[in-house]
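Please open the model in your viewer and keep the selection tool at hand. The stops below follow one another, each with something to select.

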Amino acid sequence: MEPTRRTKIKDLLETTGDGRSVLCKGWVRTKRGNKNVAFIALNDGSTINNIQIVVDVASFDENLLKNITTGASLAVKGSLVVSQGSGQGVEIQASDIEIYGTADPETYPLQKKGHTLEFLREIAHLRPRTNTFGAVLRVRHALAFAIHNYFNSKGFVYLHTPLITGSDAEGAGAMFQVTTLDLKNVPMTEDGKVDYSRDFFGKSCNLTVSGQLEGELGATALSEIYTFGPTFRAENSNTPRHLAEFWMIEPEMAFYDIEDNMDLAEDFLKYLIKYALEHCADDIAFLCKMYDNELIDRLNFVVNNDFVRLRYSEGIEILEKSGHKFEFPVSWGLDLQSEHERYLVEQHFKKPVILTDYPKEIKAFYMKQNDDGKTVRAMDVLFPKIGEIIGGSQREESYDKLAARIAELGIPEKDVWWYLDTRRFGSVPHSGFGLGFERLVLFVTGMSNIRDVIPFPRTPKSAEF
Ligand code: 4AD
Ligand code: MG
């Protein structure tokens, strides 16, 4: 019987070659062969592995075969048989081939193999068709799914916090303004300021840098929530770890202290890595082979070992005594740079580190103040190769202490009155953290540039695709 429904290549490769008729569709990765027989490697993105299509040249139109080149899209009918060659269990003996779309070898940018990642960034609209980006995007998907799975199984509520915000209290980074004002004719007030009362929202608005403050509103009603959405930072930082648009996961939990918060962060990260190892084995094995030989060992190591928990002050002491020459010299009060974080993780402890109790001056206003008057109950999780992957804290639940800190920092009351209401009415101890999704994907895939783990990266001077 003729099959009318397509079977995905992943599913075909998992079955046995019993000679049954199958229909499969995808894009040509390679074609080779001789005047009698052609071998087409077809991929449909369902797996890193291609299925081999065996073509008896004499039975097909010469022109059709000529147009089957790398990048062309095909529908292939044939019988699924045990593969003669080594390396795969089954192949398709083609009886019928339809070309959906050709890809001119003269102009198709992915005609040849082995392009650099830099070159592929310039053709981000086509790079999902490479093995590397197929693998990265499947791992990214699996991690996103696992995140929802994890929190759902623990009874956390997925809270959708706004992307457009009227407050810039968080102070996590420079913001992108959102406006419908005519930039060629900006309305001004009498005292020479932009008249935002005439703007869309009647006030100055920005894209959010974090969903945390609204997340706290949810947690102080639903107990445990998480957000998972895009966030935006307009810093001009051209590093392999920063994007202007990145995704963040922010759980926020009532009745959690900093210890509970650390326990959750560690358990969460281990769950996600384990999930990827189990569900993306082929893709991770490919990335390990191509980009980072130690990848699988590193992932297993993180899953199987306790994270080190250490105070910032102790971390500074270790760095000072290390004798290592850092670009940014170390002293108490320093906002740790990636070089310091990686020294602690990679050289000193050789394990992930959770650093706590940072100086209040380098952390956000909402963090719980310690009794020493100098530090706050912050926690950053530091990972090998990445540096900071999570930033979080226990939150200050005392209205008086929080209001005092807000006043000290000169944050306008009009920006935070609604936030302060959580401390005015039924305030509770609570904690939360933010996991940078792309930094997690970087770690799990072993890629080294954050631009290569998001389909369409947004960085300074770059928003083409
Ligand atoms: O440390 P951050 O700035 O913390 C917050 O935004 C808090 N509101 C989180 C919370 O407590 N709910 O950012 C959290 C994480 C960082 O640890 C990092 O992994 C990632 O977000 N991150 C970035 N990832 C990519 N590009 C950027 N520009 C990033 N900035 C932060
Ligand atoms: Mg941080």
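## Stop one: the barrel

Five strands form a closed barrel in the order β1-β2-β3-β5-β4, with mixed pairing. From one strand to the next, the twist averages 55°. This is a predicted model, in which local features need pLDDT of at least 70, side-chain atom pairs count only at pLDDT 80 or more, and totals for chains, interfaces and linings use all residues. Residues are numbered from 1 along each chain as its sequence is written, chains are lettered from A and ligands numbered from 1 in the order in which they are written, and side-chain values use heavy atoms, with hydrogens and water left out.

Strands (E, at least two residues) and helices (H or I, at least four) are DSSP runs, numbered from the N terminus. Two strands pair if DSSP finds at least two bridges between them. Select β1 (residues 18-33) and β2 (residues 37-43): they run antiparallel and are joined by six bridges. G33 stands opposite A38 in β2.

## Stop two: strand β16

Next select residues 430-436, strand β16; seven of its seven residues are buried, so β16 is largely enclosed by the rest of the structure. Buried means under 20% relative accessible area, exposed over 50%, and partly exposed in between, with a 1.4 Å probe and protein chains only. In a regular strand the side chains alternate between the two faces of the sheet. On one side of β16 are H430, G432, G434 and G436, on the other S431, F433 and L435, and all are buried.

## Stop three: helices α11 and α12

Now select α11 (residues 399-408) and α12 (residues 413-424), whose axes come within 9 Å and cross at roughly 155°. Axes are lines fitted to C-alpha atoms, for helices over the stretch in contact, and angles run from 0 to 180 degrees between N-to-C directions. The two helices are therefore roughly antiparallel (angles over 145 degrees). Show the side chains: Y399, L402, A403 and I406 in α11 meet V416, Y419, L420, R423 and R424 in α12, where contact means heavy atoms within 4.5 Å.

## Stop four: H324

Finally, select H324 in the loop between α9 (312-321) and α10 (338-349). H324 has 43% relative accessibility and counts as partly exposed. Its C-alpha lies 26 Å from that of K363, which is 39 residues away in sequence.

Notes
Angles under 35 degrees count as roughly parallel, over 145 as roughly antiparallel, 65 to 115 as roughly perpendicular and the rest as oblique.
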